[in-house]
Amino acid sequence: MTSLTPRASTAPKASTAPKASPASPTSGSRASRIAARAAGGAVRVLLVLAGLFWLLPTAGLLFSSFRSPSDIAGSGWWEVFAAPAQLTTENYTRLLANGTITGSLLSTVLITVPATLLVLLLGSFAGYAFAWLEFPGRDWWFLGVVALLVVPVQVALVPVSKLFGAVGLFETTLGVVLFHTAFGLPFAIFLLRNFFAEIPRELLEAARLDGAGEVRLFTRVVLPLGGPAIASLGIFQFLWVWNDMLIALIFADSQSPPITVALQQQVRQFGNNVDVLAPGAFLSMVVPLAVFFAFQRQFASGVMAGAVK
Amino acid sequence: MPRTRRTDTGNTRSTTRDRKRSRAVAAGFLLPALLLLGALVVYPIGYSVQRSLFDRSGSSFVGLDNYLALVTDDSLRTAVRNNLIWLVLAPAVATVLGLLFAVLTERVRWGTAFKLVVFMPMAISMLAAGIIFRLVYEQDPDRGVANAVWVGVHDTFAEASGFPRARPLPAHPLRAAGGGAYVTKEAVRAGEPVRLPLVGVAPGRMPEEARPARDPATPPTAGATGATVTGTAWLDFTKGGGGRPNVVDPAELGLAGLRIEAVRDGKVVATATAAADGTFALPGADGAVLRLPASNFREQYDGVEWLGPSLVTPAVIGAYVWMWAGFAMVLIGAGLAAVPRELLEAARVDGANEWQVFRRITVPLLAPVLVVVLVTLMINVLKVFDLVFVIAPGSAQDDANVLALQLYRSSFGTDADLGVGSAIAVVLLLLVLPVMAVNIRRIRRETRR
């Protein structure tokens with residue numbers, strides 16, 4: 001289902017297969033095989049170049065983060081290949097000892113974890129209701145939620161900051177969590193409703209006959225069956241919130257900002273603070289990258305399902 | 001309907017009570033989500049629409065003035081124009097690259113690894129990507145990899161930058177002519193070999209092809225007849241000392257590649273380039289003054305100012321494509337997996353070449369996926385904020401402005417104008433309405449089934 005899984009068996013063998021016209025199988029096959037091999041070589045070269053193009057920027061950040069401030073100021077990060085001895089963990093130790101970055105990483109966790117769990121919880125409640133409960137106007141309500149899928153967060157920045165100001169949620173962790181939850185919900189409800197709707201009716205009927213109430217049905221049957229969708233959604237939402245800067249910039253407590261905001265404040269003096277920015281940015285990427293590599297498949301399917309968002 | 005099952009055991013009263021109970025259960029399941037959506041998504045839409053019709057202070061009604069400002073105000077117009085550039089460029093480039101990668105990775109064994117590399121930036125924050133590209137785009141070619149590569153390529157293909165900081169000594173027969181050029185103090189004559197000595201070039205920076213200079217006193221090589229002026233341009237400097245000024249000493253090198261112009265009455269009558277041994281010949285230059293144009297002495301090429309006013313938007317779009325080409329690739333790759341292989345094989349057997357198969361079969365079959373990818377990226381691009389905010393330096397932020405950035409500035413900046421900010425928010429919403437309508441239509445069809 002995801003294209004990140006190897007599909008070598010189904011890949012076309014065109015690059016190696018002779019493409020001679022059927023009329024001249026012997027004379028043409030050699031020439032066309034050579035042509036095909038040349039084309040295959042060109043494809044490889046192109047992909048290697050593109051791969052380098054995609055790797056180099058991140059490599060630059062990574063190597064820069066392990067160089068001393070004077071090395072960073074004096075030469076490019078590629079110099080480490082000539083002099084690997086200049087690599088040092090000094091930037092990281094200094095950054096971690098300072099406490100600002102660790103504090104902001106903690107803020108990020110305190111925002112991301114509740115915002116993810118809340119979206120999963122409320123989203124699966126609502127998704128279940130839309131899939132299996134009877135109430136008047138059900139389909140219309142659901143269409144309303146679908147309509148909200150593409151609403152840009154920008155629409156809500158000013159109104160919600162006023163609203164939060166009025167109820168004392170402005171610049172609080174709870175406020176940021178609620179905002180992320182609200183804007184994560186349309187997609188969560190949409191995805192989970194569609195997934196829950198695929199559960200065989202007989203399964204639910206059987207549980208009801210056994211005397212299970214709606215709550216029991218939900219926790220014992222629907223949630224376990226919805227595992228894959230919930231996992232995909234959870235990863236997607238987790239990365240979304242972890243990586244957010246705009247919402248945190250406006251709604252988060254400026255005394256203990258999440259990592260993105262803390263780093264953004266450093267970017268304004270970009271130039272001689274690469275020794276702070278590079279390791280800081282890399283620390284902010286460690287968790288998303290770990291999640292990405294551990295759950296590629298779920299992430300890819302979440303991204304694909306989110307294509308409507 | 002699950003609930004009607006119970007009617008056979010009870011009377012009508014119990015069914016109404018049942019229905020009420022089931023409604024209460026449904027409300028319990030739905031209410032938390034709907035409350036949040038109502039307060040933080042739906043209500044703000046109404047607020048923004050209403051607020052966009054009022055002025056900065058929010059007290060007086062101004063109608064559509066805030067929307068008009070989007071096309072009349074200079075800085076707002078820049079934002080609108082840049083957003084259009086984004087909208088045209090970014091999704092198209094990302095989709096084309098995604099298509100290319102998706103198709104080509106099927107032909108190599110390490111396609112999965114490649115996809116992982118290209119898809120990886122999707123997982124990181126735009127802020128981190130912004131910092132990454134701030135480093136890439138650093139101006140100094142010794143620090144920013146983009147300029148390092150650019151300058152490397154430039155110096156490989158372009159003419160060598162010549163002899164920066166080369167200059168004559170006062171004892172030399174040359175004087176500065178302004179603008180970085182040098183001219184001979186006196187007019188030159190055919191048959192009187194000209195000496196053009198310069199100093200100030202580090203030995204290591206001399207052109208590789210430079211050979212020991214030929215003394216102009218020795219008779220020149222063939223072809224020098226009539227009004228042809230000949231001479232030698234050389235580096236009048238002997239390593240380790242011992243050289244005499246104005247004399248071609250044995251170890252002194254010719255200024256290979258130095259451009260020389262003969263100027264008579266303000267007009268260039270002949271040009272020449274010094275050979276490896278520094279000799280040159282200028283036909284018809286008798287009585288002219290020789291000039292060494294400033295292009296010989298230009299400073300070293302310093303690369304492109306990526307984050308300057310003119311290139312900042314394409315540069316940030318480059319970072320965006322780096323992040324999102326993987327998204328296009330994965331979606332298109334999934335679409336590609338659904339393309340029947342027999343169709344492609346059949347076309348190949350019929351003699352179609354790879355390009356024809358791609359152009360006539362693969363792309364048309366993928367059209368629906370390509371549309372989804374393009375539309376998704378367009379919606380995404382409308383709202384681009386972080387990348388511009390982080391990559392564009394403060395000085396270039398006005399030139400790189402986009403709607404979402406302007407919205408942030410108008411709403412939370414030092415001279416905030418909530419009227420304009422809300423108008424931008426409403427415009428962003430209006431622009432995604434067609435997609436909203438398509439989504440609703442599709443879901444309605446599906447739920448009716």
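Helices here are DSSP runs of H or I with at least four residues, and strands are runs of E with at least two. By that count, chain A has 14 helices and 0 strands. The model is a predicted one. Chain A meets chain B through 92 of its own residues, which contact 90 residues of chain B. Chain B is assigned three parts: domain 1 (2-51), domain 2 (65-150 + 306-418) and domain 3 (174-297). Chain B also holds an open sheet of 5 strands and an open sheet of 3 strands.

**Chain A**

- Along the sequence, the pattern of chain A reads α-α-α-α-α-α-α-α-α-α-α-α-α-α.
- Chain A has 309 residues, and 46% of them count as buried.
- Take the contacts in chain A with a separation of 6 or more: residues 24 or more positions apart account for 72% of them.

**The A–B interface**

- On the chain A side, 92 residues are in contact with 90 residues of chain B.
- Helix α1 (residues 25-65) of chain A gives the largest share of that side, with 16 residues.
- By residue class, the side of chain A that touches chain B splits into 65 nonpolar, 19 polar and 8 charged residues.

- Domain 2 of chain B is assigned in two segments, 65-150 and 306-418.
- The C-alpha centres of domain 1 and domain 2 of chain B are 41 Å apart.
- B:Arg21 belongs to helix α1 (residues 12-51) of chain B.
- B:Arg21 has 13 C-beta neighbours inside 10 Å, so B:Arg21 counts as partly exposed.
- B:Arg21 and B:Ser310 are 289 residues apart along the chain, and their C-alpha atoms are separated by 65 Å.

**Around B:Ala69**

- B:Ala69 sits in helix α2 (residues 65-72) of chain B.
- B:Ala69 is partly exposed because 19 other C-beta atoms lie within 10 Å, while a buried residue needs 20 or more.
- Leaving out residues up to four places away in sequence, B:Ala69 touches B:Leu76 and B:Val420.
- B:Ala423 is 354 residues from B:Ala69 in sequence, yet the C-alpha to C-alpha distance is 9.4 Å.

**Nonpolar cores**

- The largest nonpolar core has 173 residues.
- Six members touch the most other members of this core: B:Ile131, B:Val316, B:Tyr320, B:Ile332, B:Leu387 and B:Val388.
- Helix α7 (residues 312-337) of chain B supplies the largest share of this core, 18 residues.
- Beyond residues up to four places away in sequence, B:Ile332 touches B:Gly98, B:Leu99, B:Ala102, B:Leu366, B:Val369, B:Leu370 and B:Val373.
- A second, separate core of 34 residues includes B:Val201, B:Ala256, B:Ala262 and B:Phe280.

**The five-stranded sheet of chain B**

- The strand order is β1-β2-β8-β5-β6, and the pairing is antiparallel.
- Strands β1 (174-178) and β6 (267-273) of chain B are the edges, each pairing on one side only.
- Neighbouring strands of this sheet are turned by 30 degrees against each other on average, direction ignored.
- Strands β1(B) and β2(B) (residues 181-184) run antiparallel and are joined by 4 bridges.
- B:Arg175 has B:Val183 as its bridge partner in β2(B).
- The hairpin of β1(B) and β2(B) has 2 residues between the strands, and B:Gly179 takes a positive phi near 70 degrees there.
- Strands β5 (residues 259-264) and β8 (residues 289-292) of chain B pair in the antiparallel sense over 3 bridges.
- Strands β5(B) and β6(B) pair in the antiparallel sense over 6 bridges.
- B:Ala262 has B:Leu290 as its bridge partner in β8(B), and B:Ala262 also stands opposite B:Ala270 in β6(B).
- In the hairpin of β5(B) and β6(B), again with 2 residues between the strands, B:Asp265 takes a positive phi near 55 degrees.

**The three-stranded sheet of chain B**

- Here the order is β3-β4-β7, and the pairing is mixed.
- The edge strands are β3 (194-198) and β7 (279-282) of chain B, each pairing on one side only.
- The twist averages 25 degrees from one strand to the next.
- Strand β3(B) pairs with strand β4 (residues 229-235) of chain B in the parallel sense over 5 bridges.
- B:Leu196 stands opposite B:Ala233 in β4(B).

Notes
Residues are numbered from 1 along each chain as its sequence is written. Chains are lettered from A and ligands numbered from 1 in the order in which they are written. This is a predicted model: local features need pLDDT of at least 70, side-chain atom pairs count only at pLDDT 80 or more; totals for chains, interfaces and linings use all residues. A residue is buried if 20 or more other C-beta atoms lie within 10 Å of its own, exposed if 12 or fewer, and partly exposed in between; C-beta atoms are placed from the backbone. Two residues are in contact if their C-beta atoms, placed from the backbone, lie within 7 Å. Ala, Val, Leu, Ile, Met, Phe, Trp, Tyr, Cys and Pro count as nonpolar, Asp, Glu, Lys and Arg as charged, and the others, Gly among them, as polar. Domain bounds come from an automatic or database domain assignment. Two strands pair if DSSP finds at least two bridges between them. Axes are lines fitted to C-alpha atoms, for helices over the stretch in contact, and angles run from 0 to 180 degrees between N-to-C directions. A nonpolar core is a set of buried Ala, Val, Leu, Ile, Met, Phe, Trp, Tyr and Cys residues joined through C-beta atoms within 7 Å.
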